[in-house]
Amino acid sequence: MSEPIRLTTPLTQDKVRSLHIGDRVLISGTIYAARDAAHKRMVETLDRGEPLPVDLRDQIVYYVGPSPAKPGQAIGSAGPTTSGRMDAYAPRLMEKGLSGMIGKGNRSQAVKDAMQRYGTVYFAATGGAGALLSRCIRSYTVLAYAELGPEALAAMEVVDFPVIVVGDVEGGDYYMEGPKAYAKR
């Protein structure tokens, strides 16, 4: 097995286009945390013609609603949520320059089409491993929608955050392709 690819944010188009389904990646730098409610608010903001609270160009959003931090920790358990919950909103944010998404599970065809159109990659984080993933998060700072609690929009500083590419800009879908290797046996 090859070594994981090390990426540092921002996630530029050159970096996005170099990634392919099945690639193991370790992300370091700033990524944003946002779940369903924050995504809804961001799209409503765009619908009103107002600017987003953060510039999403060349950024990664992690679909996470972390648990409260214990004393001395930056964050509590921080496992991925089901990405399909963001499918109604993701294409609009990709249009604004979002270059990466982290979650778990399949994406709709509309999201996959938008990924190809706007140059966005979809990463999966391991579900059920939130306590382990939180060890890679050095800070968690709420930026907007604080009243949403764990669903607020926040900035997270991460070091070697482990993900796998499950959707690439060429239309690759690891959830579809991965099982094919085993079906041939």
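Read along the sequence, the elements of the protein follow the order β-α-β-α-β-α-β-α-β-α-β-β-α. The model is a predicted one. In total, its secondary structure amounts to six helices and seven strands.

The overall dimensions were examined next. The C-alpha atoms occupy a box of roughly 50 × 40 × 25 Å along the principal axes. A compact globule with 185 residues would have a radius of gyration near 16 Å, and the value of 16 Å for the protein agrees with this. Of the 185 residues, 46% are buried. Among contacts with a separation of 6 or more, 64% are between residues 24 or more positions apart.

A search of the whole structure for aromatic pairs returned one. This pair is formed by Y62 and F161 in an edge-to-face arrangement, with 5.1 Å from centre to centre and 65° between the planes. Y62 belongs to strand β3 (residues 60-62) and F161 to strand β7 (residues 153-167), so the pair ties together parts that are 99 residues apart in sequence. Y62 has a relative accessibility of 0% and therefore counts as buried. F161 is likewise buried, its relative accessible area being 0%.

Salt bridges number eight in the protein. One of them joins the side chains of D160 and R6, with an N to O distance of 2.6 Å. This pair links distant parts of the chain, since D160 is in strand β7 and R6 in strand β1 (residues 5-8), 154 residues apart. D160 is partly exposed at 30% relative accessibility, whereas R6 is exposed, with a relative accessible area of 57%.

R107 lies in the loop between β4 (100-103) and α4 (109-118), and D87 in the loop between β3 and α3 (90-95), so the pair ties together parts that are 20 residues apart in sequence. With 7% relative accessibility, R107 counts as buried; D87 is buried too, with a relative accessible area of 14%. The charged end of R107 also sits over the ring of Y122, at 4.8 Å from the ring centre.

Technical notes. Residues numbered from 1 in each chain as written. Predicted model: local features only at pLDDT ≥ 70, side-chain atom pairs only at ≥ 80, totals over all residues. Heavy atoms only, no water. Phe/Tyr/Trp six-rings, centres within 6.5 Å; stacked < 30°, edge-to-face > 60°. Helix = DSSP H or I, 4+ residues; strand = E, 2+ residues; numbered from the N terminus. Buried < 20%, exposed > 50% of the residue type's maximum accessible area, 1.4 Å probe, protein only. Lys NZ or Arg CZ within 6 Å of the ring centre and 35° of its normal. Rg over C-alpha atoms; globule rule 2.2 N^0.38 Å. Contact = heavy atoms within 4.5 Å. Salt bridge = Lys/Arg side-chain N within 4 Å of Asp/Glu carboxyl O.
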